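Here are a few friendly notes to read with the model open beside you. Take them one at a time.

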Amino acid sequence: MIDFIKKYIPFLKFVTSSLTGSAVELLLFYGLCQVIPLPRVQMIYLATIISRIIAGTLNFLMNKFWSFDGAGGSSGAARTMGSQAVKYAILFVGKMLASAQLVSMMPTAIPTVLSKAVVDTGIFFISYVIQKKWVFAEKK
């Protein structure tokens with residue numbers, strides 16, 4: 001049982017950091033959608049970019065230092081963090097563009113924030129695998 005728990009602790013930490021980041025992002029996204037005076041698609045893209053940059057920074061730091069316990073090796077820590085930040089930025093931009101595009105393609109009858117929550121839930125699972133195996137992968 002203890003081995004089972006140890007195996008899934010990083011995932012549970014990732015879920016917690018993702019839920020925190022998602023809550024921050026959704027709240028910012030909702031607020032920005034209320035105040036950005038642009039047509040729907042442009043408003044979605046701008047609100048996505050702003051909210052995701054803020055939430056993404058929080059999420060990177062939580063994942064780096066908590067979810068994956070500073071994984072990636074301690075020697076050359078600054079270089080490791082820099083390379084992880086670049087990898088995370090690549091993933092971050094891909095997730096942001098995918099989210100904005102998929103949300104903007106959802107039917108207008110579905111509330112935009114609900115569409116975003118559904119889309120980002122799917123992206124979450126893909127992101128975990130990429131972060132575990134590529135962004136914060138432990139050096140061998």
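What covers the buried residues of H1? Keep that in mind as you go through the points.

1. This is a predicted model, where local features need pLDDT of at least 70 and side-chain atom pairs count only at pLDDT 80 or more, while totals for chains, interfaces and linings use all residues. Residues are numbered from 1 along each chain as its sequence is written, and side-chain values use heavy atoms, leaving out hydrogens and water.

2. To the question: the cover includes H2 and helix H4 (112-135), counting contact as heavy atoms within 4.5 Å. Among the buried residues of H1 are Phe14, Gly21, Phe29 and Cys33; buried means under 20% relative accessible area (1.4 Å probe, protein chains only).

3. Now follow H1 (residues 2-35) along its length. Its 34 residues should span 50 Å at 1.5 Å a residue, and its end C-alpha atoms are 49 Å apart, which agrees. H1 does bend, by about 40° at tyrosine 8, with proline 10 following within four residues. The bend is the angle between axes fitted to the seven residues ending there and the seven starting there.

4. Compare H2 (residues 40-67): a straight helix of 28 residues would span 40 Å, but H2 spans only 35 Å between its end C-alpha atoms. H2 bends by about 25° at arginine 52. Just after H2, aspartate 69 has a positive phi of about 45°.

5. Finally, look at leucine 38, in the loop between H1 and H2. Leucine 38 is partly exposed, with a relative accessible area of 42%.

Notes:
Helix = DSSP H or I, 4+ residues; strand = E, 2+ residues; numbered from the N terminus. Expected span 1.5 Å × (residues − 1). Buried < 20%, exposed > 50% of the residue type's maximum accessible area, 1.4 Å probe, protein only.
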